[in-house]
Amino acid sequence: MRTDRVPGLALVKGMWFAFRQVLRPKVTVQYPEVLNDIAPRHRGRLILLYDEAGTLKCETCFQCAAACPIECIDMGGVDTRNRYHVHWGPAEQYAERREESAMRRSGRPVPDRTFDPFGSIDLAPLDAILAAEGYRPRRSLAILERTQEVYGHLPVAALQHVAHQTGAGYSELYGIASSYPHLRFEPPGSHVVRVCRCTQCALLGGGRVLAAFCEHLGTDVGGLSPDGAVRLETTDCHGESSGSPRVEVDGEILPRSSVEDAVRIAAALRANVPQGQAA
Amino acid sequence: MRTEPTRIRSLDDPEVLVQTPATIYDAVPPLTPRTEREAEFYTLGDGEMFVNLGPQHPSTHGVLRVVLKIDGERIVDLDPVLGYLHRGVEKICEHGDWHHAISNCDPLEYAASMFSEALPVLAAEKLLGLEVPRRAEHIRVLVWELNRIASHALFIGWLALDLGGLTPILYGFTERDEIVEMLAALTGQKLLFNYMRIGGVNGDLNHEFLSRLGDWMGRAGKHIDGQATLMNENEIFVNRTKGLGVIDRETALRLAMSGPPLRASGVPYDVRRAHPYSVYPELEFDVPVRSEGDSYARYLLHIEEIKQSLRIIDQVLQRMPDGPVMAKLPRLLRVPPGRAYIALESPRGQYAAYAISDGTDQPFRFRIHDPSFFNLQAVGLLTPGHLVADIMAIMASLDPIMGGIDK
Amino acid sequence: MSSLSDPWKHLSTSGKIILPLVALLVLGTVALTVLWVVGIGPQVMQGLLDTAGANIGILRFLAAATGVLLFTVPAAFVIIFMELKIIAFMNLRIGPNRIGPWGTLSSTIHGLKVLAKEDYTPSGVDVPVFTLAPAVVYLAAVLTLLVIPFGPGMLGYEMELGLLYFFAVGGLGVIGLMMAGWSSFNKYSLLGGLRAAAAIISYELPLILGVMGVVLLAGTLNLGTIVENQSGWFLNWYAFQQPLALIIFFIAATAEASRTPFDFTEADSEIVAGFATEYSGMRFGFFFFAEYVNVFILSALTVTLFLGGWNGLFDIDPLLEAVGIATPVSLSLDIASLGPWLMAIPVLVLPILVMGLTALVWMVKSSWGFLVSLIVGFVLANLLIVGALSIWALFSFDALMGITWFLGKSFALVALFVLMRATFPRVRMDQLMGFAWKWMMPAALLNIFVTAGAILIVKELAG
């Protein structure tokens, strides 16, 4: 029967065709029980490659990060003789370093915290953690989290030790740790105050708030207060506009901030009064 | 209430932003019209209203915002707003090498990215006067036609999905999956292949690719026929697309359309035949042409093009010569100064580039002519007078890809 | 007490309502038990029994309404699961297969997910209308289940005007859709709501006119009687006497339920979710549920009117007698015969059973956590109740077979709806309306004339 003679026949034929597909094998791949074959030339794996001798191919030459048009490559590494820790990141962090160098050139004292993470640490608790996790690199995230619980942050020496003991690369662990916001590379100060320095907040008086903090905490941007209780930092724009500059105290964003608030908070922090929900 | 009409101020002017109270009642904020057309569009008649077919929409083929002025269900006028996917590709191309331009131009037509990669490659080869090895030329044609089939399979799926059918798109993706897996075996990636190189291609055919290709070629024809039965004669589909969005010859030529929409309107223009490049002069294939110019004709044309592409792949595989797959080039490529215009036939139409080189290793200017950009103009001409539901059918049948439109 | 205030603070709003009610329920049960034990129970119970016995009709109706409401949820879950899986199979996919064996619990999880979503009211909406719209749509769908015969004698409420009640109440859904479309402060919703109103109302006519042929043949609007008229051999079904009406009714039902190819109201690719764009969480869940319940009731009505209702393909009683099985006491499930104790059933049995089973499951498998145990307990409770009812119905074979045939046929039609959804694109608004007014209505009228003429002729010939 010609489908254009009988109205509705094409519809029925279509339904019958679709119904027949129920009996055909399904094309779904039941990941993760079944893994799809990956072509040998596939270059989509986000891992660093090793050559036949087991040496890491990546030389941290930064060419990929420099070439990337959208600056999505963030690299970090330690050189083979443990001399220096290099970090190449997106442009926001360039701005921080430019700011830091500009402040140095202006004669202000800027604390150089670069070599803080490199001190040696007691590795016994770390050995215990590794033994408990069985030295498996698949458990890297759990290992890193437990390391942070013990040490308060992830020291470079700890990362190196984990890398040596588990066989995972330092850069892999660095990559894992930098993907998660709850893992940090620097020791937490007892309090951290972060003031946004974007244009919007600056128009709303952020500069004055920052200056108030600097004065009353007795430190400059990026530094610790004299008793080491409070660290003052600046951050990038987060896109929120609440009518006043964005000030973050220990991770809590204040609903409003002004110079008086800055003075009050600075005094409270230095007197070590815990700041709960902002008043 | 509003700023003085004599002074034209942009909405980005902070003063205007602060003065204008933002209300929740404006789907389209009150705009100081800058041109006559804007003034005509943004004046509401009686009973008309603005509806945003916003950038986030399930069927605008990417991020395209269309401001519709509708009267009930009927569209009175429309104003497309482009630029949501603009990435500054042409500018970025000027800052890198000619080789970098390949991976920069990849995501322009992401559904069939071999064509967009080929733009800087062919332009550089023309400027250098380079002769590409024969084997590389054949591999290029093979890969181009595979991409064409993959893109057309997706087109059928999108057209059905925009009209409400849930099944054909999954069949289209099944087809595309197979093609894309074999291209991953060849190039290393499934979507943005980065396979074309100036002087050839990156890497020879390998066993995995050829075995997958052979497997697939045995099944391809039957699959396509089967999928076509689901939609070709389906009364609902035919009633939705027949007679819809008719573009006549003169309008199509005036709008500089190309590709299937042009050929469906009766103009037998195919760049592979009109300005032959690569191996196409030696291959036998037909250029399907239809004269009705409606959405149904465009749909049928895409199906016929798939069949022609299968023919081409057959011939290319039989003729594949031996030899190198890439010409010898210096490490630092200094392209001699000059200008070059190259044109390809991509699944959407004539994909062209105009490259100006100033003798250094960076392009001085790389202008990309994208077919979807010109095909999309037809939407503005065709849609007024139809219903809201029809704009989907028309847009889908023109097969736009926003990556290329916004560059 | 500070030890209670912290957990109380963490409860959501609905939690703050439900928890005191549950506590009240438990306390009430305990109080009743204590009263009974103490001895004044019998007198209290006698007084209650007298009152209840006097108002048995109301109580029966309450039980029927509760039963209907409780039935819609599992029915919708099953239909949602069917739709996901069948469409997936036709798309060469597998569909949900992780939660529960072969994905069967995925609908439950969808229901819980919808409950857990943030439920907000956008600014600018007309709040009372916005809040009530989902309820209207849901009720319009659910109330119609009262008159559909699930088995011999098993109607929620036997009405002489059952069919009229069905269409009257079912048509209230349009008001709900328009309320949703208008009150959401959104042009897409407005478009969707108006489209829905226009299309559903225009398809009500073919729907009802198509049924008139069956009404003429049966001579009554009582759905139970219509099904009984179709008993015996399957050729007695009205589908064979009114094929055109069946086709018209089915197409109109597809439009009524807003299913593809007529799902203009929620055309995903055009107006993002139509009238339901601004709804989230359980409000959207109500629309969702109502659509699937609509699908079920329209399938059920098609089965009732045209495909024999709860009748099997042929009458099995003569076969059973020939084999020697005397069908036992044909005890149709008349809820009124239970007496006043039926008060206890909807109120106490189900929650207590669920909680008991949850506790049991959680004690056995404490690694599962409370929520999973609750789900498993609910499923087990349902299985227990269905099992108990089935065992009871075994003593009434007719009822069991009736329900099985009815549900089987209904879900087969639902599967047909799903098949249509998978294959067809959408019909455009004006084509849809044109089809309704220019083709369906004249065809339905033609059907009525021919049927009436045939009845007259047959009566004349019969003398």
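**Chains C and B: a quick tour**

Okay, chain C has 18 helices and zero strands, where helices are DSSP runs of H or I with at least four residues, strands are E runs of at least two, and numbering starts at the N terminus. Quick housekeeping: this is a predicted model, so local features need pLDDT of at least 70 and side-chain atom pairs pLDDT 80 or more, while totals for chains, interfaces and linings use all residues. Residues count from 1 along each chain as its sequence is written, with chains lettered from A and ligands numbered from 1 in the order written.

Back to chain C: 38% of its 463 residues are buried, meaning 20 or more other C-beta atoms, placed from the backbone, lie within 10 Å of a residue's own.

Now, who touches whom? Contact means two C-beta atoms, placed from the backbone, within 7 Å. On that basis, 10 residues of chain C meet 11 residues of chain A. On the chain C side, H4 (56–90) and H17 (397–423) each give two or more residues, and H17(C) has the largest share, four.

Over to chain B, which has domain 1 (24–81) and domain 2 (89–406); those bounds come from an automatic or database domain assignment. Their C-alpha centres sit 31 Å apart. The contact between them takes 14 residues from domain 1 of chain B and 18 from domain 2 of chain B. On the domain 1 side, strands E2 (65–71) and E3 (74–81) of chain B each supply two or more residues, with E3(B) giving the largest share, six.

Terms used
A residue is buried if 20 or more other C-beta atoms lie within 10 Å of its own, exposed if 12 or fewer, and partly exposed in between; C-beta atoms are placed from the backbone.
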